[in-house]
Amino acid sequence: PDSAKGGSFSAPESNLPSVQQEQAKADLLPDLNAKILDEDWDDIPPSSALEVISEDEAVQIIAEPLLPIQSSTLRDYVDHSETLAKLVHLGVDLSQVEKRQKAGQLLLTLDFEKDVKKILLFLKDVGIEDNQLGPFLTKNPYILGEDLEALETRVAYLKSKKFGQSEIAQMVLRAPYLLLFSVERLDNRLGFFKNELGLSVKKTKDLVIRLPRLLTGKLEPVKENLQVCQIELGFQRNEIQQIVYKTPKILTASKKKLKQTFDYLHNVMGIPHHMLTRFPQVFNSKLLRIRERHMFLAFLGRAHYDPAQPSYIPLDQLVSLPDEVFCTEIAKASMQDFENFLKTL
């Protein structure tokens, strides 16, 4: 990621130059037989293949299992690789790691004591607990091939922007590729959300703490959703600012789902823009859930979403409550009534 320039932001899964250039040098899994033989011969004086040995010595010779020259699974290498064995002990799921591009080759080139141990200690310093290391490295094995000084610089940058230690740990866990990106890219991304949304420094920081993948994902879907909200859905800039700050996931939501949900809320249920701005969490709900509950309330004559009306129903309660609570407290009906109604749809 450090090699990328400009405002574009490609996903690390598809573009990992630092790993590819410095670690994954071979296109195929390496043949470790030579290394094992070298280690075996270190303290043994050269001998002749014709040297006579006793019967007792011959019986004691144990043939080591051959290391596969090539394999489609890392499991075949665990018994021959200290690095893989210790990563498995930490809880790393190799079956998931090997699905990631070049990740298997990378791990087989790393020495645990020389390369891996220092990264594990760094992650613990960041705030990742022992029981979180395995799941984290399963999602991002590439960090084991990163330069330690570069990683420390990126954490130092986040601290300079007033992110707390626990906040950084939470962000790294929720967006595992975060520390693969350079300081320049992180700074550009924070600047984009601050300027594009007109947020204060504090609100920008709060936004990415709640949804840290905004710092690692592509910007194009975000830009498109902002345009959809303004041009197609008709929200004002200040309304979009409030909606995004309250519900960051709207920036990465499916455009199709976003438009369909708005159409039903605004054009069928008659919810005005200012009410949707007040309760933007409805955009995170499934449209089917919204439709079923609204139709049931309309059937009962209780679909009142205007605060000035009696029996007013806030939109957040419409979508967030469990079915049983929705029926008894909002619809004033039984769960059986609701189930029977759904059968008629």
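**Reading a predicted model**

Modeller: Start with one residue. C327 has 0% relative accessibility, so C327 counts as buried. Buried means under 20% relative accessible area, exposed over 50%, partly exposed in between (1.4 Å probe, protein chains only).

Colleague: What kind of model is this?

Modeller: This is a predicted model, where local features need pLDDT of at least 70, side-chain atom pairs count only at pLDDT 80 or more, and totals for chains, interfaces and linings use all residues. Residues are numbered from 1 along each chain as its sequence is written, and side-chain values use heavy atoms, with hydrogens and water left out.

Colleague: How many disulfides are there?

Modeller: A disulfide is a covalent bond between the sulfur atoms of two cysteines. The rule asks for a pair of cysteine sulfur atoms within 2.5 Å. By this rule the count is zero.

Colleague: Which residues of α13 are buried?

Modeller: Helices are DSSP runs (H or I, at least four residues), numbered from the N terminus. In α13, the buried residues are V222, N225, L226, V228 and C229. They fall within an arc of 155° seen down the axis, so they line one face of the helix. The arc is that of the directions from the helix axis to the C-beta atoms. C229 has a relative accessible area of 5%.

Colleague: Where does K162 lie, and is K162 buried or exposed?

Modeller: K162 sits in the loop between α9 (148-160) and α10 (165-174). Its phi is positive, near 70°, and K162 is not a glycine. At 66% relative accessibility, K162 is exposed.

Notes. Helices (H or I, at least four residues) and strands (E, at least two) are DSSP runs, numbered from the N terminus.
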